[in-house]
Amino acid sequence: MKPSRKNDEDIESDEDDDDDDDLNNVGHSGDDSEDSEEEETADSKRLRMAREYLDKLEAQESSSEGESDSDNGASDDDEDGAPVDKVGKRIAKERLRKSGLLQSRIADSVLEGIQSMQSSIADSSQGKSAEACAKLWINAKYVTYLRGHDLTPTCVSLSQKGTKAFSGAKDGSVIMWNVQDGTKTTILPAIKDQYAANLTDRNEREILAIATSDDDRYLAIGGRDNCVRIFDTRSLGKSTSSPLTTMEGHKKPVTALAFRSRSLDLYSGSEDRCIRRYDLNAM
């Protein structure tokens, strides 16, 4: 017996409803999965980026395995014989470098060079006076004497690139030297302005501290006039070699100057027992 058309239609209608329900369920499950994927991506983004960065560091470390660390001479094992976490060590090193607190140990390499020079002239210097030994160092071109100040030099600063050197003296003058050939490229005479015009004693114009910034752009000078002067090294030697600005505040002579590594933060120390900080970015 054939089923009626009505029953056929009812059956088809039921199947259609089931299919619609299935499609709706699939749609909802798809939405839920997309939401979960979006939520997972947002929550795990930092973790994923950190893992990628660590994988990159590990690949670099594995490619350079066997090379010694130039800064501290560390080996693959620490003092207790345990393996060293090279990736963690490198991350810590980068953090210190960015914060300007990284310390590099170079004394051993410098000492080796000095000992090598001493051994080369050891035979010639035996039984000779200190003055004669000094001449041996000069003749061997290990040491160079530069003359230019009227009075005794009191401070020296080397540029970051090592091509220029700045020296200050008791006469208040500052000289910029070419390190390669030892010639004087720029001379700043004794400072004469409103801060030093009333000084009667020549030694009161004495330069006590010099510092250069890491980008070799700024030169800071301090002395017995209680002031810190900032010069632009690009303008030194021109007809108008005047300071960009003069920092006041110390009550006694400025005896120390230092730039923070990789920044334009300048620190000054004085006989008044105060340390001052200057931000040259604000000039």
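A salt bridge is taken here as a side-chain nitrogen of Lys or Arg within 4 Å of a carboxyl oxygen of Asp or Glu. The structure is a predicted model, in which local features need pLDDT of at least 70 and side-chain atom pairs count only at pLDDT 80 or more, while totals for chains, interfaces and linings use all residues. Residues are numbered from 1 along each chain as its sequence is written, and side-chain values use heavy atoms, with hydrogens and water left out.

D232 is paired with R234, with 2.9 Å between the closest N and O atoms. The two partners can be described by their relative accessible area, where buried means under 20%, exposed over 50%, and partly exposed in between (1.4 Å probe, protein chains only). D232 is buried at 10% relative accessibility, whereas R234 is exposed at 53%.

A second pair joins D265 to R277, at 3.2 Å from N to O. Strands (E, at least two residues) and helices (H or I, at least four) are DSSP runs, numbered from the N terminus. D265 is buried, its relative accessible area being 10%, while R277 is partly exposed at 49%.

The next pair sits within a helix. R48 forms a salt bridge with E52, and their closest N and O atoms are 3.4 Å apart. Both residues are in helix α1 (residues 5-63), and because they are four residues apart, about one helical turn separates them. R48 is partly exposed, at 40% relative accessible area, and E52 is likewise partly exposed, at 46%.

Attention now turns to helix α5 (residues 130-139), whose buried residues are C133, L136 and W137. Viewed down the axis of α5, these residues fall within an arc of 100°, so they line one face of the helix; the arc is that of the directions from the helix axis to the C-beta atoms. On the face of α5 turned away from the buried side are the exposed residues E131 and N139. The cover over the buried residues of α5 includes α3 (107-120) and α4 (122-125), with contact meaning heavy atoms within 4.5 Å. After α5 comes K141, which has a positive phi, near 65°.
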